[in-house]
Amino acid sequence: KDTVEEDSVPIHSTAYSTSIATIIFREWRAISTNAAILLVLIGGIFAYGLLYNLMYAPNLVRKTPVAVVDNSHSALSREYIRLLNATPQASVYALTPNYLEAKEWLKQSKVDGILYLPADFDTRVGRGEQSVFSVYAATDAFLNFKNLQEASSRVMLAVNDAHRRAGTVFLPPQGLLAVASSAPVNVSGTALYNYTEGYGSYLIPAVMIVIIFQTMLMVIAMLTGEEAEQRRKGIHSMRARSLKDMLCIVSGRTFVYVMLYVVFSMFLLGLLPHIFSIPNIGSGWDIVTMMIPFLLATSFFALAVSRWFTDSEAPLLMIAFFSVGYIFLSGVSYPLELMPWYWQAAHYVFPVAPAVLAFVKLNSMGGSLADIWPQMLTLWIQVIIYGAWAVYTTRRVYKRSNIKTGDIEA
């Protein structure tokens, strides 16, 4: 055996053991004795999961207060205000001709928006022109902004329909007959799988999967980063001389992470939906079947890229930075088919993207395993690829450790 000695780095002799039982015990001890990792787990899983659900616990925000500045003082403006107050999304807090007064109410949080009707609101309609109104809304609460935008738009369409017949005189002669002879079409729309159109019902199921992926990646990054710091100090706690050793290290670590997140998944995906009335109409066995390759792929992916986790703190900022992007890559918030090819390719890189799409189909849309077979196939392919990559990374990481400790084979 050859031995490479370095003057600046002390070499610590350690009794190595790479049995799966030893790896499992070592990993459990590393997690349970590291305060930072426990904080990530407790904060990321329990606090993070509860915080998101509490924020969207009402699911629907109704009767958002709005101040109306009516400078038109016409029958049309009064009709608009009456219909706006009748919508479930908005409630007229007060009427005032002074915009500055309404602005003060907005600053004092007495209202969440201002509707401004100009003096020519009714006159422009009488001239056959488009009538203009303005809506100012505070963007500190997204749901309130969405309510005011939706309510004002719907009232605008209702007023437009009520006065459309009178406005046909401004159409060109060839269009009069078509409009006069057309029968009105009544459209009644219902949002599929989210009939209340609640933001929490749409967002929370996807966020729960992202939390699982993100926190597992953080935990593994912190553990492997801390181990890299120890190796730089000359402390080598494991060896990987053969393929068997590498498989034991990867298998033992993955077992710890998967078992740990089985419990967390039961809390996030099983208990919280019942507590906060989040959509949960899927088959429990189908969800379990989907979670198996997802947890394996996530663990293997983190171990595969652990070669670049050189400390226990820097990866946290990088991982947290991409948390919002995972939702978009999944295809839940924006159709995957409409994305550029490079974003579609990125969808198949991170295990969280197909997992979010599969979970939403199962949990929120009541689908079956047959409906998510593309995502399941993607996850199992990732398990194979990232599993092999994790073994290769383990070989690369511990090869230098074996040289430094003189524990190499000829």
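E150 is buried, with a relative accessible area of 18% (buried means under 20% relative accessible area, exposed over 50%, and partly exposed in between, with a 1.4 Å probe and protein chains only). This is a predicted model, in which local features need pLDDT of at least 70, side-chain atom pairs count only at pLDDT 80 or more, and totals for chains, interfaces and linings use all residues. Residues are numbered from 1 along each chain as its sequence is written, and side-chain values use heavy atoms, with hydrogens and water left out.

The side chain of E150 forms a salt bridge with that of R154, at 2.8 Å from N to O (a salt bridge is a side-chain nitrogen of Lys or Arg within 4 Å of a carboxyl oxygen of Asp or Glu). R154 is partly exposed, at a relative accessible area of 45%. Because R154 and E150 are 4 residues apart in helix 6, about one helical turn separates them. Helices (H or I, at least four residues) are DSSP runs, numbered from the N terminus.

## Network around E27

Salt bridges that share partners join R26, E27 and R253 into one network. The structure holds 3 salt bridges. E27 meets R26 in one of them, with 3.2 Å between N and O, and both E27 and R26 are buried.

E27 also forms a salt bridge with R253, where the closest N and O atoms are 3.3 Å apart. E27 belongs to helix 1 (residues 20-32) and R253 to helix 9 (residues 243-276), so this pair ties together parts that are 226 residues apart in sequence. The relative accessible area of E27 is 1%, and E27 is therefore buried; R253 is likewise buried, with a value of 5%.

The structure holds 3 cavities of 30 Å³ or more. A cavity is a set of points, on a 1 Å grid over the protein atoms alone, where a 1.4 Å probe fits but cannot get out; lining residues have an atom within 4 Å of a point. The largest cavity contains about 50 Å³ of space, a volume being the space filled by probe spheres set on the points, which are joined across faces, edges and corners.

The lining of the largest cavity consists of V66, Y80, L84, L115, V135, L148 and S152. By class, the lining has 6 nonpolar residues, 1 polar and no charged (Ala, Val, Leu, Ile, Met, Phe, Trp, Tyr, Cys and Pro count as nonpolar, Asp, Glu, Lys and Arg as charged, and the others, Gly among them, as polar).

Methods. 1 Å grid on protein atoms, 1.4 Å probe; cavity = no way out; pocket = protein on both sides within 12 Å on 5 of 7 lines; lining within 4 Å. Helix = DSSP H or I, 4+ residues; strand = E, 2+ residues; numbered from the N terminus.
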